Amino acid sequence: MKAALVTGGAQGIGRGIVQHLRNEGWRVALFDLDNEAAAEMQAEDPDLLALTVDVSKEEAVDDGFSRLRTWLGDNPLDLIVSNAGIADPQTGAIEELALADWRRMLDSHVTGAFLTVRAGVPLLRQAGGSVVLMSSTRALQSEPDTEAYAAAKGALLAMSHALAVSLGPDIRVNCILPGWIETAAHQKSRNRRTPHHSEAEKAQHPAGRIGTPQDIAGLVAFLASDQAGFITGQRFVVDGGMSARMIYRA
Ligand code: NAD
């Protein structure tokens, strides 16, 4: 049975990835900052290893990996999905952006991915495993007042090809750039709600709808499979075609 670690795996896209991999028969461990959300995942699926870990903190990640190694026993780790991070891209006007908030954003995404992959590489090498980093279409295009998030997501995109070159041929590394993915139904129970979208919101996507965590999870599973054995160092935009649309304002 293959084993995966998904960071930020207790809610949102990460939760969708965890559930998809479990349905495909994987053993899955998750790290998440939110204690309540992680405990809910553990209660729903006792075969998971759901740990409260802040991936931006070195000691917390090292401690998480020590528990992960015990849980794996003699089995290798086949996949790391580095998905954790502050999901709200808005940090306000650049003139008002505090250094602490800039660092918090960069740390949650970029330092988190660095610490997770650094600790995971020895385990992945045993299996010839792979890594998926979660970037965003915001690595390529922007709304105003999103500099810290855009910088973090651009860094993850660049880090993915650097890692692919460094870690090949043992480990493949790819990057997913999601567009608008609706996660309201994938939050911890007290924050969960049924999403509603206007026709205009759906219509701006050539695919005619907003994305779901399952749209991302399916690609993660493919990238981790043997069918993707010749795919590394690549970026995959999953946005229902939204970023392909040319906009002329009359
Ligand atoms: P979410 O807020 O629904 O879930 C993120 C999860 O990560 C939460 O459970 C949170 O507790 C956890 N987390 C945050 N910081 C953490 C940390 N330092 N250590 C451990 N866990 C941490 O967000 P989401 O929308 O599912 O986003 C998941 C990833 O996908 C993020 O990297 C986000 O930037 C990216 N993304 C999301 C969208 C979207 O439209 N939802 C689009 C593009 C990219």
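Good morning. I begin with helix α4, residues 99–127, which has 29 residues and reaches 40 Å from its first C-alpha to its last, close to the 42 Å expected at 1.5 Å a residue. The expected span is 1.5 Å times one less than the number of residues. Helices (H or I, at least four residues) and strands (E, at least two) are DSSP runs, numbered from the N terminus.

This is a predicted model, in which local features need pLDDT of at least 70 and side-chain atom pairs count only at pLDDT 80 or more, while totals for chains, interfaces and linings use all residues. Residues are numbered from 1 along each chain as its sequence is written, and side-chain values use heavy atoms, with hydrogens and water left out.

After α4 comes Gly 128, whose phi is positive, near 65°.

Next, how many aromatic pairs are there? The count comes to one aromatic pair, where rings of Phe, Tyr and Trp (its six-membered ring) pair if their centres lie within 6.5 Å, and planes under 30 degrees apart are stacked, over 60 edge-to-face and the rest tilted. The centres of Phe 31 and Phe 65 are 5.6 Å apart and their planes are at 85°, so this pair is edge-to-face. Phe 31 belongs to strand β2 (residues 27–32) and Phe 65 to helix α3 (residues 58–72), 34 residues apart.

Finally, the ligand. A polar side-chain atom of Asp 32 lies 2.6 Å from a ligand oxygen atom. A polar backbone atom of Leu 33 is 3.0 Å from a ligand nitrogen atom. For Lys 153, a side-chain N or O atom is 2.9 Å from a ligand oxygen atom.

Technical notes:
A polar contact is a pair of N or O atoms within 3.5 Å; within protein, one must be able to donate a hydrogen and the other to accept it, and residues adjacent in sequence count only if both atoms are side-chain atoms.
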